Amino acid sequence: MRTVVGVIDPLTMVRRELEVSLEAEGFDVIDSPPDPASFLRGSSDRALVVSLTGTFGLSDLDRVRRGNLAAPIVVLVDSASVDIFAELLRRGRVYPVRRMSSAAAITRCVTASLEDMCLLPTAIARDLARNGPDLEEYGITAEELSWLRRLAGGDSVQSLASDICLSERSAYRRLGSIYAKLGVRTRTQAITHLARFGLLTSLGQHSYSTVHSSKPSSNRISSE
């Protein structure tokens, strides 16, 4: 089934160029869906490209996201500020890209977003890796971050629960609470989200690639 991409931008020229580029890569395109939240709820094979403007702000983005938290949303921004990129990345499956980027570059971002990957300008990526987010903004402690690092490295929830003196069920509940603070729903999304900010760098490249390529075994935390 072909992925359907909704495109929302105030400029007709921008929408038309994106439509041509996306269709050339095999996507079906809906120009300016009137209710973006309902559009994303319509099917699992949906994505959205939307410009962050005076008429569509962060509160609108959050409302649309609630329509389908698993659907990728590529957000076009005029600012090159690392702060706005970080603010958007904290929202889960939201992928910022410069609005001035070519239609082909934005299309590549859409394709990457379907694999839960984000294409960032090198300067932005370096700033994010250097500065990282303040864990207090999420309400996550250093200890909770260490739990996610262990899971990313391959530890099972059973092993983690035993070491921190919790039942396995309680450990799952605590982890679910951490995911909610990060604005994500699954272990993989949480680990990928933190890795984007360089917060899993102590694990090394091997553990980071595990997030993308390893098949979860039965004794690891599930993606639910």
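**Entry 1: Asn68.** I looked up Asn68 in this predicted model and found the residue in the loop between α3 (58–65) and β4 (73–77). Is Asn68 buried or exposed? Its relative accessibility is 17%, and buried means under 20%, so I noted Asn68 as buried. I then listed what Asn68 touches, leaving out residues up to four places away in sequence: Leu40, Arg41 and Ser43.

**Entry 2: Ser44.** I went on to Ser44, which lies in the loop between α2 (36–41) and β3 (46–51). Ser44 has 64% relative accessibility and therefore counts as exposed, the cut-off being over 50%. I also checked Ser44 against Ala70, which is 26 residues away along the chain. Their C-alpha atoms are separated by 8.0 Å.

**Entry 3: Asp62.** I found Asp62 in helix α3. With a relative accessible area of 23%, Asp62 is partly exposed, because the value falls between the 20% and 50% limits. I looked up the C-alpha separation of Asp62 and Arg91 and wrote down 8.0 Å. Along the chain, Asp62 and Arg91 are 29 residues apart.

**Entry 4: helix α4.** I turned to α4, which covers residues 82–89. How many of the eight residues of this helix are buried? I recorded six, so helix α4 is largely enclosed by the rest of the structure. The buried ones are Val82, Ile84, Phe85, Ala86, Leu88 and Leu89.

Conventions:
Residues are numbered from 1 along each chain as its sequence is written. This is a predicted model: local features need pLDDT of at least 70, side-chain atom pairs count only at pLDDT 80 or more; totals for chains, interfaces and linings use all residues. Side-chain values use heavy atoms; hydrogens and water are left out. Helices (H or I, at least four residues) and strands (E, at least two) are DSSP runs, numbered from the N terminus. Buried means under 20% relative accessible area, exposed over 50%, partly exposed in between (1.4 Å probe, protein chains only). Contact means heavy atoms within 4.5 Å.
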